[in-house]
Amino acid sequence: MTKPQKVRPYLTTHSLLPENQETPIQFINNDSVENQLFFRRNHFTYPTLSYSNYWLPINGVVSAPLLLSMQDILQYPSKTVEVVLECSGDKRNLFEPKTFGEQWEKGAISQGKWKGVPLRTLLEISGIGEGAKEVVVEGYDYGLRTDLDEVYTYTRSLPIEKALHQDTIIAYEYNNQPIPFKHGYPLRLIVPQWYAMASVKWIKQISVINTPFTGPFQTIDYMYYPNKDNDQNAFPVTAININSTIQKPLDMEKINTGVHLIKGIAWTGKGVITKVEISIDDGYTWSNADILPGKNVGYGWVSWSFEWNISEKGEYTIKSRATDSFGQIQPNLPFWNKKGYGYNAIDKVKVKVE
Ligand code: MTE
């Protein structure tokens with residue numbers, strides 16, 4: 001008898017240089033996404049780093065600039081946070097009209113446990129100076145931005161309050177292992193509740209500043225531009241929008257009559273998920289799904305399921321709609337913006353029952 005083969009999924013590739021790949025959504029069936037299934041979102045090719053000689057400078061508007069070795073960093077009290085990292089371009093391919101950028105489907109999202117030292121601890125040791133407004137975190141990766149005809153590193157800033165949040169950490173472990181190289185080894189900023197552009201990989205330097213940071217990944221990219229024809233009324237991408245995804249059945253799947261478990265995940269930036277509703281009649285009527293107990297705490301997603309007993313053959317549109325503790329609910333239509341960030345309309349799949 002042949003042994004049943006373990007399913008070995010691979011990531012869907014959008015580009016290889018730089019590497020941009022996402023997780024086929026049906027394979028996200030664990031609260032901790034393993035390394036091989038973790039989506040990859042890069043602006044540049046991977047950096048070259050010398051780990052043995054790694055130093056982290058903390059400078060700018062501080063009373064005592066620091067230069068920390070990995071050993072120094074490991075000696076501070078650590079914190080572990082379980083967070084959803086979702087690319088702000090996740091689900092971009094669903095926007096109508098179409099928008100610029102990688103056409104991500106539903107799998108530019110991951111979840112896992114990150115361990116590290118709170119950024120706050122390091123900032124307090126360096127002594128934040130008067131008038132400090134933002135904390136800039138620079139990555140080691142760099143390349144030419146063709147729109148500006150200049151070379152830049154991947155650099156982002158955080159408002160000082162978010163940088164000082166107790167769960168904003170400089171991580172060195174993912175799921176009890178050193179961070180995988182492609183996800184930011186040896187040090188990565190982790191910003192819970194915010195879209196993942198904020199979580200800078202391969203940290204090169206941290207600087208406290210007293211004027212707004214104007215780097216292109218802060219002020220050109222990762223901004224919502226609500227108008228089609230001009231850049232007026234733009235505002236920055238920050239917290240994750242309330243969202244849900246149906247993982248089972250798959251879109252355009254044929255299924256038989258009988259009992260089916262509709263399954264998926266739901267997540268939000270601020271607050272926790274309080275309700276997930278399912279409609280099997282294209283949104284006319286809704287019923288509550290079961291949320292896996294004990295999971296709607298912290299910064300993770302919840303898994304949910306809904307038992308569907310279907311005896312009538314035909315085509316169906318199944319929808320999922322999540323609500324959070326701040327009363328936010330997934331909208332019927334997404335907030336369209338020129339660069340296609342933050343898609344969070346009610347999720348749907350079509351199935352044929354035979
Ligand atoms: N950090 C660096 N240094 N370089 C990058 O290109 N991409 C950001 C963020 N941090 C990026 C980065 C974006 S847009 C996302 S969505 C996440 O990293 C992707 O993280 P992952 O590749 O570990 O999935």
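**View 1. The span annotated by UniProt as "domain: Oxidoreductase molybdopterin-binding" covers residues 43-215.** The annotation comes from an unreviewed entry; UniProt positions follow the numbering used here, feature names are shortened, and annotations may be inferred rather than shown by experiment. The model is predicted: local features need pLDDT of at least 70, side-chain atom pairs count only at pLDDT 80 or more, and totals for chains, interfaces and linings use all residues. Residues are numbered from 1 along each chain as its sequence is written. The end C-alpha atoms of residues 43-215 lie 14 Å apart, and the span is 10% helix and 39% strand (DSSP runs numbered from the N terminus; helices are H or I of at least four residues, strands E of at least two).

View 2. The contact takes 23 residues from domain 1 and 20 residues from domain 2 (C-beta atoms, placed from the backbone, within 7 Å). On the domain 1 side, strand β5 (residues 79-86) provides the largest share, four residues.

**View 3. Strands β3 and β4 form a hairpin with five residues between them.** Strand β3 (residues 55-60) pairs with strand β4 (residues 66-69) in the antiparallel sense over four bridges (pairing requires at least two DSSP bridges). Isoleucine 58 has leucine 66 of β4 as its bridge partner.

How values were computed. Two residues are in contact if their C-beta atoms, placed from the backbone, lie within 7 Å.
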